[in-house]
Amino acid sequence: MTMPPRKPSQPLLGDADAPLRSRPRKKRDPAQHQLTLDPMPARIDPCLALLKPRPPKGRQWAFEVKWDGYRLAVHIEPKGVRILTRGGHDWTARFPAILAAAKRLSVSTAILDGEAVVFDELGRSDFGRLQQSLGGKGGKRTSWESVCMVFDVLYLDGHDLTGTELTARRHLLEGVVPPGGEEAIRLSEEIEADGETLLRIACEHGLEGIIAKDRNSTYRSGKNGDWLKIKCIQSDGFAIVGYQRSSAAFGNIGALLLAARKGDDLIYVGHVGTGFKADEAMRLRATMDRIKATKPAVKYSGGRKNLVWIKPKLVAEIEYRGWTHDGKLRHPSYKGLREVQDNAAVYQLE
C-alpha cells in the first residue's frame, strides 16, 4: 500500500529574516539558592602579632622573618590599585614601584597583606632607610626603593578568604606571588625550621626577629594570639615629651625625653641620645619646636638641665635592651618617628 506524502513540518523560523528569540522566562523565585561573589571590603583591619619572649613549639606553627617597615594592604581591583596603610590612609602615590608591580600580577581582584621595607646592603629591612626614602616624618616623597614583602592574601578573584585557614591562604598566595621573585612585590616565605633555631640564626644575622603563625587559624583583626612576634632586640614606640638642648649635638638635641602609657597617664621612662643622623636631627628639632609646651606631660625628677618640653604628639621608634630596676629603658637607641598613618602606638606599661 502506498502511503501519502507527509505534510512538510513547520519551518524553524516562519520568516528567515525574523529575529531569533527564546521563550519568555518566569521571574526568579527570590527564595531560590544562587551563587554569588563576595563583595570586596573597602578595608580590613590587620591581624597583629602578639609579642612573646620565646618562640612557640608544635607542628601547628609556621615561621617567617619579621620585617621592619610599614604595614600595607594592597587592594587590586578592575578600576585600579589602592595601597592603604595600617591606619587606612591611602598611600598609593607614595609607593610607585609597588603600585607598578601590583598591576602586573595576574589577578582580577585581590587584597594582599604585607610590609613595605627598604633593604640595607646585607639584605636586612631597615626602618630608618624606609623613612628617609619617604622624606622623613611628615615628608611627601615617593619611595622607589620600597619593596612590599607580602605574607597573606585576604581576598582573591571575588572570594573573601578571611574565614579560610592560613595553610590554604598561603597556598593561594604562592599562586599570586611566586617564591623567589625580585619584583617590588615579593613573597615573605615560610621557613622550615624549629622556632628556637630560626630565632638564633635571625639574631646572628642582625635581623629584628621572627613571626610565628598558627597554620589552622583564620584571619582575625587585632592581637588575638594567632600570630606571635619574637624579637632579637626590643623595639617599641614611645612618646617624646621633651628634649635636652646641647650645642655639641646634631640639631642641638642632646637627648629626647621619652614616656610610655600606663592607663590614661604618661610615665617618664628615660632618655635617648644616640641613633640620630645630622639631617634627620635638624628636621626633628624643627618639628618639636612647633609643638612646645609650657609644662611637662609627665612627672619628671631626672635632674637634667636645659630641657624643652613639648606636647606628646610625636612617637619615636626606640631600640632597647630591656628595663632597669627603676623602670627606665636600658641602652636605648633612636630609630625614627612612627607615622600617625601607621597607627603609631605608644608602649603600654603593665
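The largest pocket and its surroundings

Modeller: The lining of the largest pocket is made up of 16 charged, 14 nonpolar and five polar residues; here Asp, Glu, Lys and Arg count as charged, Ala, Val, Leu, Ile, Met, Phe, Trp, Tyr, Cys and Pro as nonpolar, and the others, Gly among them, as polar. The model is predicted, with local features requiring pLDDT of at least 70 and side-chain atom pairs pLDDT 80 or more, whereas totals for chains, interfaces and linings use all residues. Residues are numbered from 1 along each chain as its sequence is written, and side-chain values rest on heavy atoms, without hydrogens or water.

Two or more lining residues come from each of strands E1 (47-51), E2 (61-65), E9 (209-214), E10 (222-231) and E11 (234-245). Of the elements, E1 gives the largest share of this lining, with five residues. Strands (E, at least two residues) and helices (H or I, at least four) are DSSP runs numbered from the N terminus.

On a 1 Å grid over the protein atoms alone, a pocket is an open set of points with protein on both sides within 12 Å along at least five of seven lines, a cavity is a set where a 1.4 Å probe fits but cannot get out, and a lining residue has an atom within 4 Å of a point. Points are joined across faces, edges and corners, and a volume is the space filled by probe spheres set on them.

The second largest pocket holds about 500 Å³ of space. It is lined by 25 residues, with Asp68, Asp126, Phe127, Glu319 and Lys335 closest to its centre. Helix H2 (127-133) and strand E15 (333-338) are the elements that give two or more residues to this lining, and H2 provides the largest share, five residues. The composition here is eleven charged, eight polar and six nonpolar residues.

There are also two cavities of 30 Å³ or more. The second largest cavity has a volume of about 100 Å³. Among its 13 lining residues, Ile44, Pro46, Leu72, Ala73 and Thr85 are closest to the centre. Strands E3 (70-77) and E4 (80-85) each supply at least two residues of this lining, and E3 accounts for the largest share, four residues. Seven nonpolar, four charged and two polar residues line this second largest cavity.
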